[in-house]
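Biologist: Hi! Could you walk me through this assembly?

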Number of protein chains: 6
Amino acid sequence: MRPSKRKNAQLRNISIEPAILRHSEGSCLIKFGNTHVICSVTYENTIPPFLRGQNQGWITAEYGMLPRSTTTRVKREAVHGKQSGRTQEIQRLIGRTMRCAVDLKVLGERQFIIDCDVINADGGTRTAAITGSYIALHLAISSLIAKKILKTNPLIKQIAAVSAGIYNGHPIVDLDYLEDSNAEVDANFVFTSSGDIIEIQSTAEKEPFSEQQFNEMFKLAKDAVAELFILQNKVLLGL
Amino acid sequence: MRPSKRKNAQLRNISIEPAILRHSEGSCLIKFGNTHVICSVTYENTIPPFLRGQNQGWITAEYGMLPRSTTTRVKREAVHGKQSGRTQEIQRLIGRTMRCAVDLKVLGERQFIIDCDVINADGGTRTAAITGSYIALHLAISSLIAKKILKTNPLIKQIAAVSAGIYNGHPIVDLDYLEDSNAEVDANFVFTSSGDIIEIQSTAEKEPFSEQQFNEMFKLAKDAVAELFILQNKVLLGL
Amino acid sequence: MRPSKRKNAQLRNISIEPAILRHSEGSCLIKFGNTHVICSVTYENTIPPFLRGQNQGWITAEYGMLPRSTTTRVKREAVHGKQSGRTQEIQRLIGRTMRCAVDLKVLGERQFIIDCDVINADGGTRTAAITGSYIALHLAISSLIAKKILKTNPLIKQIAAVSAGIYNGHPIVDLDYLEDSNAEVDANFVFTSSGDIIEIQSTAEKEPFSEQQFNEMFKLAKDAVAELFILQNKVLLGL
Amino acid sequence: MRPSKRKNAQLRNISIEPAILRHSEGSCLIKFGNTHVICSVTYENTIPPFLRGQNQGWITAEYGMLPRSTTTRVKREAVHGKQSGRTQEIQRLIGRTMRCAVDLKVLGERQFIIDCDVINADGGTRTAAITGSYIALHLAISSLIAKKILKTNPLIKQIAAVSAGIYNGHPIVDLDYLEDSNAEVDANFVFTSSGDIIEIQSTAEKEPFSEQQFNEMFKLAKDAVAELFILQNKVLLGL
Amino acid sequence: MRPSKRKNAQLRNISIEPAILRHSEGSCLIKFGNTHVICSVTYENTIPPFLRGQNQGWITAEYGMLPRSTTTRVKREAVHGKQSGRTQEIQRLIGRTMRCAVDLKVLGERQFIIDCDVINADGGTRTAAITGSYIALHLAISSLIAKKILKTNPLIKQIAAVSAGIYNGHPIVDLDYLEDSNAEVDANFVFTSSGDIIEIQSTAEKEPFSEQQFNEMFKLAKDAVAELFILQNKVLLGL
Amino acid sequence: MRPSKRKNAQLRNISIEPAILRHSEGSCLIKFGNTHVICSVTYENTIPPFLRGQNQGWITAEYGMLPRSTTTRVKREAVHGKQSGRTQEIQRLIGRTMRCAVDLKVLGERQFIIDCDVINADGGTRTAAITGSYIALHLAISSLIAKKILKTNPLIKQIAAVSAGIYNGHPIVDLDYLEDSNAEVDANFVFTSSGDIIEIQSTAEKEPFSEQQFNEMFKLAKDAVAELFILQNKVLLGL
């Protein structure tokens with residue numbers, strides 16, 4: 001039995017509150033149980049130097065945690081003077097997956113900067129961040145189209161993400177911190193709503209895992225993101 | 001007339017939502033109009049090296065802004081690799097003033113770390129942060145006493161802060177961003193509930209100011225914090 | 001047809017030259033075609049602070065590229081003042097996977113530091129680094145046992161890694177730079193010699209990929225590492 | 001009685017030696033008793049990027065201490081790799097107050113950089129730095145006008161600064177280190193020679209202070225700067 | 001007798017393997033006994049900002065050591081976040097001496113970046129780096145002329161370097177680590193093949209040295225570099 | 001003829017003002033013409049970690065320039081966030097040479113930190129710094145012996161330094177900035193008062209130099225430091 005008492009295939013309670021920031025082009029507060037992340041999208045009519053003249057746009061992401069989003073306070077990275085390897089790994093993942101959601105050629109020489117800031121952390125912050133970033137990006141693009149700043153919609157894919165793992169020998173989905181820190185295997189899956197895969201990361205934390213175990217985690221994750229896509233659409237439709 | 005249509009002595013709508021963070025010993029989300037700050041207190045049973053063996057405690061503070069708390073996105077300080085001079089000035093102010101709220105000898109060789117993170121910025125973030133930090137600190141201390149981690153209450157002063165300024169020649173209180181960026185003089189006042197002063201900072205932004213103008217700002221600020229003390233107590237009493 | 005003219009399942013020419021460094025406890029120069037990496041293991045009779053008193057050992061890894069290992073010179077990270085996100089991601093991967101190769105409890109309060117330095121880069125540096133690090137670690141442990149510095153062999157798994165991808169719609173293995181930079185999907189697989197999985201990373205670079213495509217890459221990688229395990233053993237046996 | 005044996009309203013011996021640096025457009029060595037600061041002004045025919053095209057000039061300041069200006073050697077900030085919060089707070093104060101001394105529109109797209117370097121420290125370095133910077137700035141502007149590099153004099157205000165405090169319950173002015181480190185309240189005042197205020201900073205170090213105490217410090221400071229203005233003018237007139 | 005059993009005037013076995021890097025315009029692996037250094041030259045059709053418009057070229061150098069090139073692992077400078085003073089001193093020396101090998105006016109507004117990376121360290125890495133950099137530079141220039149990227153040969157001097165020292169009262173040449181760490185005096189000499197001097201550095205490590213001792217070291221070094229010039233030419237002639 | 005109109009063997013006017021800093025154990029302001037350097041010695045009853053338990057002392061040095069010590073303002077290294085390669089090279093030289101002045105075994109587990117800060121720069125700052133540091137060190141040791149903090153005098157050598165160069169084909173001594181920046185060869189010599197050599201650095205800036213030219217510079221430098229030793233002794237004797 002999972003520490004969270006959830007069934008193996010059961011997501012936590014998930015909520016998405018759109019437009020949480022007053023200045024951002026698109027934002028939301030997404031909650032996977034006690035994991036709370038503010039996702040924000042900034043639109044800029046510029047492009048990073050390495051892309052100039054290539055007639056395409058860009059999406060990049062930054063990730064951070066409030067120092068006391070965790071049980072024991074983590075050092076503020078701005079004080080420490082650099083982002084940790086974990087932070088960089090996560091923000092690179094978010095940026096990379098979100099770039100798959102848009103047609104960068106259609107976007108043209110413009111960029112979106114996604115900020116994911118964790119207010120409360122209880123496992124699965126990176127998958128919550130990706131799921132919420134899709135909402136923030138959709139809201140931003142809708143708003144920019146409404147304001148005629150964007151003429152064509154560059155959004156081409158709906159994206160959501162969820163974690164899975166092997167806990168006590170059993171495959172489970174959407175691990176909270178207690179489950180995550182005791183799991184034998186930790187995996188993250190990013191899917192499109194058409195059932196294709198954007199990213200798979202699966203890591204043996206204690207024990208190597210079999211192909212069958214991987215396939216079970218994959219199945220759990222794929223079913224779970226189907227629920228997330230429905231929830232995303234409800235939020236975007238104002239339901 | 002003020003851009004905000006408020007009267008010269010009128011505060012913005014102010015609300016304080018306690019216990020916003022799940023892990024912090026004490027926290028709140030304080031709102032001065034569209035300025036929203038999460039204040040959090042961490043208790044540690046240690047002391048900075050420079051205070052060891054002096055039989056007293058310490059309070060320190062850190063301040064940050066979400067990159068998109070502002071109209072134009074500000075660079076994430078963790079990416080830039082250092083805190084700006086402004087950030088350091090503000091967090092030094094918060095730490096210094098909050099140390100006046102407690103008897104550090106009674107606290108003993110323990111420390112509180114205060115984190116103030118701005119979610120939305122619309123002027124007056126440092127005074128909102130101080131006013132909210134008092135709530136977070138009070139909640140943390142109450143909780144630690146309830147858990148018998150602290151035996152004696154080290155809190156000795158109630159503290160609140162507000163900004164004032166000279167706008168178009170007139171003294172006004174609690175400036176929003178539009179007012180602040182056009183004011184001739186910008187001031188911050190930190191008071192105790194017994195009417196004494198913890199800190200005064202008053203700066204000519206465009207024009208030097210007279211002693212009389214300073215006294216008018218002082219009067220406005222002192223009256224305004226009286227309202228803040230009442231509000232703080234309501235929140236702490238659960239009213 | 002692949003730019004490298006290789007068959008889809010065909011590895012590059014691979015060679016491993018052991019004991020390339022004069023001072024290291026264990027080292028090798030591993031070549032996957034034109035990708036050349038020096039792997040080195042340092043033994044230290046200490047443990048990182050966060051593990052003290054837990055009666056277990058540790059393995060950590062660092063990764064670097066000579067500035068002119070690449071077609072266009074990359075900036076020296078020591079001059080730039082920090083390691084890039086890519087570098088940190090790779091060295092975290094190497095350290096994490098190599099920790100699965102040993103029983104950290106048996107190792108006791110000691111650590112291995114693995115250094116992987118790329119002399120020439122032509123795609124697949126991280127999987128070459130992992131495959132070579134196993135050799136360097138095995139050599140180091142054998143030497144430490146021979147010198148009676150280690151009493152018990154902590155090595156419990158044989159590990160190797162290889163990349164795979166979808167190129168022009170077809171699954172291929174062990175991509176060189178030209179293939180990698182034009183692939184639709186990029187994946188890295190780390191296996192044990194008993195056929196279990198240590199790590200899977202699979203990323204849509206241009207297009208999302210299907211479950212079937214993933215399975216084809218998985219199959220190619222699993223077959224390829226079987227060849228790598230044979231090669232590793234030949235080198236270790238001095239054949 | 002003050003440790004320095006001075007009367008409450010009595011300044012230390014103050015001297016200003018102009019033109020101490022051979023290359024600077026304007027410089028002086030200012031001494032408030034044992035506090036010695038070299039103030040230097042550099043003129044540049046450029047403007048910071050954020051001000052381009054706004055048809056105005058700029059003044060910025062940097063502050064530093066020789067490592068052995070203090071009783072116990074302080075770490076060299078260039079070795080430590082960053083300026084402390086205290087240093088940044090002081091140099092922001094110097095820059096901000098000196099910008100009030102000139103008409104930035106008249107200055108046009110040019111800037112002055114003020115360097116204040118403390119040779120010996122005995123309390124009140126920031127107020128000595130401001131008082132000396134006015135001299136250095138005046139000398140630089142006179143020289144630039146003489147060389148016809150500046151056509152119009154942008155200097156519009158004479159500025160000086162002094163500290164005050166509450167020591168043992170009594171208001172005193174121009175605190176040396178011994179007084180400063182034991183004072184209950186520490187304040188800094190920057191005035192114009194026409195009696196207006198540029199900046200007030202007043203901080204409870206140990207005990208909150210009353211409005212009356214603040215007013216007494218204000219009075220002491222205002223009287224003291226009147227003496228400083230006379231001294232500044234003597235130096236500028238070569239008397 | 002020297003620890004290395006060599007005669008006082010005897011160099012270690014020296015070998016130079018050209019074209020060790022696949023992408024570099026010119027490179028070699030130079031070995032002075034157990035000191036192994038990869039030297040690489042990068043050609044860039046640009047010039048550092050401080051030289052723009054001066055109608056001349058530039059040569060700069062960077063130096064690094066693999067963490068386990070030494071008996072005890074040295075910290076990776078990219079992780080530490082900065083290059084050590086020793087590293088900077090060495091790379092400044094390499095760049096400065098190599099600039100003497102070319103006519104920067106003939107080179108025109110182009111630059112060479114020299115990277116010297118130590119694979120194994122056993123004393124004399126900086127002199128090996130200079131001697132190898134000449135080979136790498138010569139190869140790069142020949143290749144660029146062959147490709148008609150350079151029209152005129154900017155190379156005007158042949159350069160080589162060697163160390164000398166006073167060990168146990170006797171002058172010796174080309175010190176290995178054991179000799180170097182116990183020598184009373186440590187010196188480095190850079191010569192041109194026409195017998196002129198590019199750089200002399202001679203340092204008392206334990207005891208001041210006499211003019212006569214210096215002259216003896218000078219003589220040893222001058223004779224030794226004559227051998228190095230012959231070896232360099234053999235390598236360049238493919239003998 | 002030299003730009004300074006001096007004879008080839010002629011030093012600039014040199015003065016040394018002792019005890020310029022109020023808190024330092026020993027200090028002086030040394031002037032070589034328009035090159036002015038404050039040298040300060042700090043005594044600490046500790047030792048760097050790498051020397052613990054070796055029963056010996058240490059001397060280290062730090063060097064800095066006031067931003068406006070030069071014709072064009074140089075960036076403050078504390079703002080830039082690191083010391084330049086030149087700064088590190090110079091401070092390593094000062095520390096290394098001053099360690100030759102004392103018997104580190106006699107000093108015991110204590111250290112001296114030497115700070116050399118350039119107030120005005122006109123060439124030869126490093127040799128002025130070394131010559132002045134000897135004075136500061138002598139004063140510090142005398143004072144510590146007088147206070148019975150040191151029981152035995154660890155000073156064993158008198159040290160002074162001077163620059164030389166080849167200017168317009170002629171050897172000259174003690175170059176000012178104008179001479180230095182146009183010299184073909186730049187050299188620095190550190191001697192003991194008994195005529196032995198501590199350090200030689202001689203660098204071809206434009207043209208390689210002959211052995212004879214080097215010997216002429218050596219002779220000029222040796223004669224010049226003889227004058228410096230006399231001056232040092234006069235200052236130390238209070239003459």
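Modeller: Happy to. A word on terms: contact means heavy atoms within 4.5 Å. With that, no contact joins chain C and chain D, and their closest C-alpha atoms lie 12 Å apart. Chain A and chain F do not touch either, with nearest C-alpha atoms 12 Å apart.

Biologist: Before we go on, what sort of model is it?

Modeller: This is a predicted model, where local features need pLDDT of at least 70, side-chain atom pairs count only at pLDDT 80 or more, and totals for chains, interfaces and linings use all residues. Residues are numbered from 1 along each chain as its sequence is written, chains are lettered from A and ligands numbered from 1 in the order in which they are written, and side-chain values use heavy atoms, leaving out hydrogens and water.

Biologist: Thanks. How many residues does the contact take from chain A and from chain B?

Modeller: It takes 35 residues from chain A and 35 residues from chain B. The area buried between them is about 2900 Å², with carbon and sulfur atoms giving 50%; buried area is the accessible area (1.4 Å probe) that two parts lose on being put together, summed over both.

Biologist: And how many salt bridges between chain A and chain B?

Modeller: The count there is 12, taking a salt bridge as a side-chain nitrogen of Lys or Arg within 4 Å of a carboxyl oxygen of Asp or Glu. One of them pairs Arg76(B) with Glu62(A) at 3.0 Å, N to O.

Biologist: Which elements of chain A supply at least two residues to that side?

Modeller: Strand 3 (35-44), strand 4 (58-65), helix 1 (77-80) and strand 5 (111-120) each do. Helices (H or I, at least four residues) and strands (E, at least two) are DSSP runs, numbered from the N terminus. Strand 5 of chain A gives the largest share, six residues.

Biologist: Nice. What rotation superposes chain A on chain B?

Modeller: A rotation of 180° with 0.0 Å of shift along its axis, at RMSD 0.0 Å. That is the relation of a two-fold axis. The same surface serves both copies, as 100% of the contact residues of chain A recur in chain B. Superposition is by least squares on the C-alpha atoms of residues with pLDDT of at least 70 in both.

Biologist: Switching topic, how many salt bridges over all chains?

Modeller: The count comes to 90. Among them, Arg68(E) meets Glu25(C) at 2.6 Å, N to O. That pair crosses between chains, from the loop between strand 4 (58-65) and helix 1 (77-80) of chain E to the loop between strand 1 (14-18) and strand 2 (26-32) of chain C.
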